[in-house]
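Welcome, and thanks for taking a look at this one with us. Please keep the sequence and the 3D view open side by side as you read.

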Amino acid sequence: IRFVASPDGEIVADVAGRLPGRGFWLRPDRVRTTDAQALGRLFGRAARRTIMAPGDLAERVERLLAARCLERIGLARRAGQAMAGAEKVAEALSRGLGRGGVLLEAADAGAGGREKIERLAQGVTVVSVLRACELGAAFGRERAVHALVVAGGLADALRCDAARLEGLRGTKDDELKSKR
């Protein structure tokens, strides 16, 4: 994840990679982003000036990355490249429409439904980093457990952003999985 220093000396996450200034790169890992003092010292040394890291930096970055994933899904939906619902996704996967795409499964989904859909997912990247309420918001629903983004540029970008989000949410989702 790219970070930059604002003019007032605060670390700002640049998840789009477009903010001006010298960037500081950090592996997406919740443990690394939660120690604000250590990050301030590390980035300050690289910038050769005093840099402050907000205490809630990890939460801010997580929110930004989740919003970015949902934006990608929304764009794919409006372009006709995404669908939600177990039956629609299963039918699309059985017809081979998912090859090279991204299968989205809610992190808080039940294991039985996941296994049924995953059996059909040949050549599809499976992403389980978004919660059902977040995934549903991208489709204008209260909840969505399964969704599919077909192969293309939006699927590739979503795959990249979801991997970064997974790095930050790894410990939380591991806790969710262990509670099932």
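Predicted model: local features only at pLDDT ≥ 70, side-chain atom pairs only at ≥ 80, totals over all residues.

Residues are numbered from 1 along each chain as its sequence is written, and side-chain values use heavy atoms, with hydrogens and water left out.

**The sheet.** Helices (H or I, at least four residues) and strands (E, at least two) are DSSP runs, numbered from the N terminus. Three strands make an open, antiparallel sheet in the order β2-β1-β3; strands pair if DSSP finds at least two bridges between them. β2 and β3 are the edge strands, each pairing on one side only. Between β1 and β3 there are two bridges, and Phe-3 stands opposite Phe-24 in β3.

**Helix α2.** Buried here (under 20% relative accessible area, with exposed over 50% and partly exposed in between, using a 1.4 Å probe and protein chains only) are Ala-36, Leu-39, Gly-40, Phe-43 and Gly-44. Down the axis of α2, these buried residues fall within an arc of 125 degrees, so they line one face of the helix. The face turned away from them carries exposed Gln-37, Arg-41 and Arg-45. Just after α2, Arg-48 has a positive phi of about 60 degrees.

**The ring cluster.** Ring pairs link Phe-3, Phe-24 and Phe-43 into a cluster. Rings of Phe, Tyr and Trp (its six-membered ring) pair if their centres lie within 6.5 Å; planes under 30 degrees apart count as stacked, over 60 as edge-to-face and the rest as tilted. A search of the whole structure finds two aromatic pairs:

| Pair | Type | Centre to centre | Between planes |
|---|---|---|---|
| Phe-3 and Phe-43 | tilted | 5.6 Å | 40 degrees |
| Phe-24 and Phe-43 | stacked | 5.1 Å | 25 degrees |

Phe-24 lies in β3 and Phe-43 in α2, so their pair ties together parts 19 residues apart in sequence.

Asp-14 sits in the loop between β2 and β3 and is buried, with a relative accessible area of 5%. Its side chain makes a polar contact of 2.4 Å with that of Arg-2 and reaches the backbone nitrogen of Leu-19 at 3.0 Å. A polar contact is a pair of N or O atoms within 3.5 Å; within protein, one must be able to donate a hydrogen and the other to accept it, and residues adjacent in sequence count only if both atoms are side-chain atoms.

Key: Arc of directions from axis to C-beta.
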